[in-house]
Amino acid sequence: MHKILLTNIEKNTVECIPSEELPREVTHISPIHCTYSMREVEDYFLIEYTAMADVTFICQRCGDTGNTRISLTNTVALCPNDDVAERLLKHHESVVYQGAYVDLEKILMDELRLHSYLKHSDKDCQLDNNADN
Ligand SMILES: [Zn+2]
């Protein structure tokens, strides 16, 4: 867990060492380097972040291992309850928080899972490019 206080933060950089379960095809991940800013808007908080991590993965196309650098950029609404989260869903991904802190690692890992269809670039992949069509 990497908890951050819900408050207005112009800019902060943290290094987050993943302790949650990794996506199945990720065999290794470096600490996640994350720069974020957060501001209070009406009855919720908005966090904008960019995050970067080096991962070793099993290619979803050829089954061999590969390395890549993943970059994530996103804006997430941090909501006090489901009603607010539902209201904002049209505009933002939303997460419901409890207490005064939010788990940044969980937000980053959820995002990573969404983007974790990992495969080699065409020139590095062991499979013939045509096999992907
Ligand atoms: Zn491959």
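E4 and E5 pair in the antiparallel sense over nine bridges. Two strands count as paired if DSSP finds at least two bridges between them. Strand E4 covers residues 32-41 and strand E5 covers 44-58. Helices (H or I, at least four residues) and strands (E, at least two) are DSSP runs, numbered from the N terminus. In this pair, valine 41 stands opposite tyrosine 44 in E5.

The two strands form a hairpin with two residues between them. Glutamate 42 lies in this loop between E4 and E5. Its phi is near 45°, a positive value in a residue other than glycine. Most residues other than glycine have a negative phi. Glutamate 42 is exposed because 8 other C-beta atoms lie within 10 Å. The cut-offs are these: a residue is buried with 20 or more other C-beta atoms within 10 Å of its own, exposed with 12 or fewer, and partly exposed in between, with C-beta atoms placed from the backbone.

E4 has another partner. Strand E2 (residues 9-16) and E4 pair in the antiparallel sense over six bridges. Here threonine 13 stands opposite threonine 35 in E4.

**Model and confidence**

The model is predicted; local features need pLDDT of at least 70, side-chain atom pairs count only at pLDDT 80 or more, and totals for chains, interfaces and linings use all residues. Residues are numbered from 1 along each chain as its sequence is written. The predictor's confidence in each residue is its pLDDT, on a scale from 0 to 100. The protein averages 90, and 95% of the residues score at least 70. Confidence is highest in E4, at a mean of 97, and lowest in H2, at 88.

**Overall layout**

The protein has two helices and eight strands. Along the sequence they follow the pattern β-β-β-β-β-β-α-β-β-α. The C-alpha trace spans about 55 × 30 × 25 Å along its principal axes. Of the 133 residues, 20% count as buried. Among contacts between residues at least 6 apart in sequence, 58% join residues at least 24 apart. A contact means that two C-beta atoms, placed from the backbone, lie within 7 Å.

**The core**

The largest nonpolar core holds 25 residues. Such a core is a set of buried Ala, Val, Leu, Ile, Met, Phe, Trp, Tyr and Cys residues joined through C-beta atoms within 7 Å. Cys34, Ile47, Leu78, Leu104 and Leu108 touch the most other members. Strands E4, E5 and E6 (65-79) and helix H2 (104-114) each give two or more residues to this core. The largest share, eight residues, comes from E5. Leaving aside neighbours within four places in sequence, isoleucine 47 is in contact with Tyr36, Met38, Val76 and Leu78.

**Exposed positions**

| Residue | Location | Other C-beta atoms within 10 Å |
|---|---|---|
| Threonine 73 | strand E6 | 11 |
| Glutamate 21 | loop between E2 and strand E3 (26-29) | 9 |
| Glutamate 42 | loop between E4 and E5 | 8 |

Two C-alpha distances complete the picture. Threonine 73 and isoleucine 9 are 64 residues apart in sequence and 17 Å apart in space. Glutamate 21 and valine 95 are 74 residues apart along the chain, and their C-alpha atoms are separated by 19 Å.
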